[in-house]
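Dear colleague,

Please find below the structure that I am handing over to you, together with its sequence.

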Amino acid sequence: MTFQLPDLDYAYDALEPHLDALTMEIHHSKHHAGYTTKLNAAIAGTELEGSSIEHILSACADSPGIRNNGGGYWNHCFFWESMSPGSTLEGPSGHLSEALDSAFGSFDEFKSEFKKAALTRFGSGWAWLCKGDNGLSICSTPNQDNPLMNIGGCGDSPILGIDVWEHAYYKKFGPGRGDYIDAWWNVVNWAVIEDRFNSASQ
Ligand code: MN3
């Protein structure tokens, strides 16, 4: 049993004009495909072969090949599922909306804090919104690390994440990471984020 590159639920050009088709195609068919192939190679013949990706991520800290490629595999699956061409900036509703207001004051304040975490991640990495025992929180991780690895003070259940590697935005936005983040809000699938919030164990 090996990991497979998942198909997207939408076409590469479906997130235009916010995210461009060429970036989406390269990001999925080259970058994500590469992490998937290298993850399978890294776990082949080890005790982690055949394990769930969640178990692999919880046990990968001492293996750079499994950590980088397992993170890259899971992070991008999570990222594609977080977006939808039918999304709007109206944002979340229900219990998620209440939890965001409780943690950050308002949806706009949450977006501001999340953007700050994504902007200030030096080099390549991710920013995350997580659900934990004390409600919602924001953190960021370098490279392809993620909260499921429970390393670096970022260990609650992730419900939203943004890729801030340059490969995610440079073709369209150049060095304008902030412009990319602003555009990305338009394609966040809040129904999916709300489902994750409602089903998160913590
Ligand atoms: Mn990426």
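I begin with a loop: Asn143 is found between strand S2 (135–142) and S3, where helices (H or I, at least four residues) and strands (E, at least two) are DSSP runs, numbered from the N terminus. Before going on, please note that this is a predicted model, in which local features need pLDDT of at least 70 and side-chain atom pairs count only at pLDDT 80 or more, while totals for chains, interfaces and linings use all residues. Residues are numbered from 1 along each chain as its sequence is written, and side-chain values use heavy atoms, with hydrogens and water left out.

The backbone

Asn143 has a positive phi of about 55° although it is not a glycine, and with a relative accessible area of 39% this residue is partly exposed; here buried means under 20% relative accessible area, exposed over 50%, and partly exposed in between (1.4 Å probe, protein chains only). Asn150 also lies in the loop between S2 and S3, and its phi, near 55°, is again a positive value in a residue other than glycine. Asn150 is exposed, at a relative accessible area of 59%. Elsewhere in the backbone, Glu16 and Pro17 are joined by a cis peptide bond, with omega about 0°, and Pro17 belongs to the segment before H1.

The metal site

Which residues coordinate the manganese ion? They are His27 (NE2), His76 (NE2), Asp163 (OD) and His167 (NE2), at 2.0 to 2.2 Å. Donors are N, O and S atoms within 2.8 Å of the metal (3.2 Å for Na, K and Ca), and water is not among the atoms, so sites may look incomplete. Along the sequence, the donor residues of the manganese ion follow the spacing H-x48-H-x86-D-x3-H. His27 lies in helix H1 (residues 21–43) and His167 in the loop between strand S3 (157–163) and helix H6 (170–173), so this pair ties together parts that are 140 residues apart in sequence.

Both of these histidines count as buried, His27 at 2% relative accessibility and His167 at 18%. The side chain of His27 also makes a polar contact with the side chain of Asp163 (2.9 Å), a polar contact being a pair of N or O atoms within 3.5 Å; within protein, one must be able to donate a hydrogen and the other to accept it, and residues adjacent in sequence count only if both atoms are side-chain atoms. Leaving aside residues up to four places away in sequence, His27 touches several others, including Phe79, Trp80 and Ala168, where contact means heavy atoms within 4.5 Å.

The helix pairs

The axes of H1 and helix H3 (residues 64–81) come within 8 Å and cross at roughly 140°; axes are lines fitted to C-alpha atoms, for helices over the stretch in contact, and angles run from 0 to 180 degrees between N-to-C directions. That makes H1 oblique to H3, since angles under 35 degrees count as roughly parallel, over 145 as roughly antiparallel, 65 to 115 as roughly perpendicular and the rest as oblique. Among the residues that make the contact are His27 of H1 and His76 of H3.

Helix H4 (residues 94–104) and helix H5 (residues 107–119) have axes that come within 8 Å and cross at roughly 65°, and they are therefore roughly perpendicular to each other. Their contact is made by Leu100, Asp101 and Phe104 of H4 and by Phe107, Glu109, Phe110 and Glu113 of H5.
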